[in-house]
Amino acid sequence: MEAWITPFTKQCIVTAGVAINVGQYGLVMAYTAILLPQLRTGRIIPIDEITGSWIAAVPGFTLFLGNVTVPVIMGKCGRKVANTLSVIFVIVGWLCIVLAQNVTYLIIGRLLQGLSMGMSTSLGPILIGEYSSPKDRGQFLSTIGLSTSIMTFLAHALGSYTTWDTTAVVCSVISLLDLVIVLYSPESPSWLAEQGRYDKCTKAFHCLRGDTDEEDELRKMIEMNEIARLSKIESNSTNATFKITLKKCFESFISTVQKKEFYKPILIMIHMYMIAHWGGINLLSAYSFDAFHHVIGDSQHDLVMVITLDIQRIISNVVGLFLMRKLKRRTMLFAATLLNIAALVVTAVYSYLKVNGLLDYDDAMFGAFLLHVHTFSVVAGSFPLPMVISGEIFPMRYRSLASGLSAIVYSLNFFVTVKTVHVMLRTVHLYGTYFIYAGVLVYCLAMAWFFLPETKDRTLQDIEEEFKAKKKNTDDLSTAQPLRPLNGTTT
């Protein structure tokens, strides 16, 4: 009766729970595009331009808080607990907006949404990476981008035909449905192994992967964690004063940050997250109407153009999923980001010529085409790929800490790009904004060329060994420390 519920199906279900949670980034950002115009009418909660920019950007503050706190939660309490809390925060945030009678309630709701986004963007790629098989991991991680695009389309479509509070109600229902999936999802096998709960780790691993040829990955996962646990127990078994313990913790921290497998992934992800945000995703999501206005001019069909752009985003994400299976990570990243840079530069030149009356030929369809090319380059590659890579390159032992530290850059870039869009469009216009974005992408792509390894179809352990810059030797794992029998291990 449950024959159809294969391990792959289970991976699809649990991935959906994570992807929908992370994908609410699209809901939160796109909601701004329909909330602010309705509030500017002044009928319910009147706002000015400055207040509107703060409503749009304020999630960046708690995004940072979510980045900082989630490593502790998912390290101590588990990935599932952290994911559940993230969904609960965004639900409460939507409810605050639904019940809002003034700007204060809107700000509180947006702050809670930012907290949830900070937790989910750090946790989501890691959890999907730990849930899924290496051969399917890229596609599953790419569903984050697809989910974000679908959520963006839903927010724009709902907000175009309903009021902002009704849209918030629908968004909260989506979050409630996601909470059900998360609650019924298993804990991460990697985290269970890290806690020494090997029986439950094996059970969760077989639940998600089945009895396949991936047993070697399970064995290595348990062996590596057992070695780390025995080493930690041995170091903590000696009697020591508080001063000595504090000194050891400091020395351990210094030793950790000097390890290649710790600082290299963080350095890479700093630049990957910059690519994700400076490619233009936030401008296209939160200020899509403004983008069309600057490229095309005043039009009675702005709504149709924005909805069309959202539909194209979904199609582009599906194309990205296909390409993710066929192409290597580095190949796809460079191809998509170079197209992103080209789209930014060409659109900037077109906008400059248009603003200064230097165009001999001015067609709205050509301007719309440029925005569609820009959107394709972002949503098919330069935005989802950093999420994919973040789920693959962090070392198991430091995954919570390393992802949290690098995600701080994610939140800072989010806040800066969202908060400055309105000012930049007013001062340096769209062409200046796009030229700045293109410059940032060129720098980040150069850094990726030198530091980013290929991760496609490789186990997380293999990738970690490459960062350690030593040849993987399974004999070293088994002889470095004597292993205790797994049978009868405390769970």
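Me: Before anything else, what does buried mean here, with which probe?
Reply: Buried is under 20% relative accessible area, exposed is over 50%, and partly exposed falls in between, with a 1.4 Å probe and protein chains only. By that cut-off Thr 455 counts as buried, at 1% relative accessibility.

Me: And what kind of model is it?
Reply: This is a predicted model, where local features need pLDDT of at least 70 and side-chain atom pairs count only at pLDDT 80 or more, while totals for chains, interfaces and linings use all residues. Residues are numbered from 1 along each chain as its sequence is written, and side-chain values use heavy atoms, with hydrogens and water left out.

Me: Back to Thr 455, where does it lie?
Reply: In the loop between helix 19 (429-451) and helix 20 (460-467). Helices here are DSSP runs of H or I, at least four residues, numbered from the N terminus.

Me: Which residues is Thr 455 in contact with?
Reply: Leaving aside neighbours within four places in sequence, Arg 137, Arg 329, Glu 392, Ile 393 and Ile 463. Contact means heavy atoms within 4.5 Å.

Me: Switching topic: how many aromatic pairs are there?
Reply: The structure holds 15. Rings of Phe, Tyr and Trp (its six-membered ring) pair if their centres lie within 6.5 Å; planes under 30 degrees apart are stacked, over 60 edge-to-face, and the rest tilted.

Me: What about the rings of Tyr 25 and Phe 414?
Reply: Their centres are 6.0 Å apart and their planes sit at 65°, so the pair is edge-to-face. Tyr 25 is in helix 1 and Phe 414 in helix 18 (residues 399-427), so the pair ties together parts 389 residues apart in sequence.

Me: Is Tyr 25 buried or exposed?
Reply: Tyr 25 counts as buried, at 2% relative accessibility. Phe 414 is buried too, with a relative accessible area of 0%.

Me: Which residues do ring pairs link into a cluster?
Reply: Tyr 25, Tyr 273, Phe 383, Tyr 410 and Phe 414.

Me: OK, the largest nonpolar core: how many residues?
Reply: That core has 112 residues, and Trp 94 and Trp 164 have the most contacts inside it. A nonpolar core is a set of buried Ala, Val, Leu, Ile, Met, Phe, Trp, Tyr and Cys residues joined through side-chain atoms within 4.5 Å.

Me: Which helix gives the largest share of this core?
Reply: Helix 12 (residues 260-286), with 14 residues. A second, separate core of eleven residues includes Trp 191, Ala 193, Ala 204 and Met 396.

Key
Helices (H or I, at least four residues) and strands (E, at least two) are DSSP runs, numbered from the N terminus.
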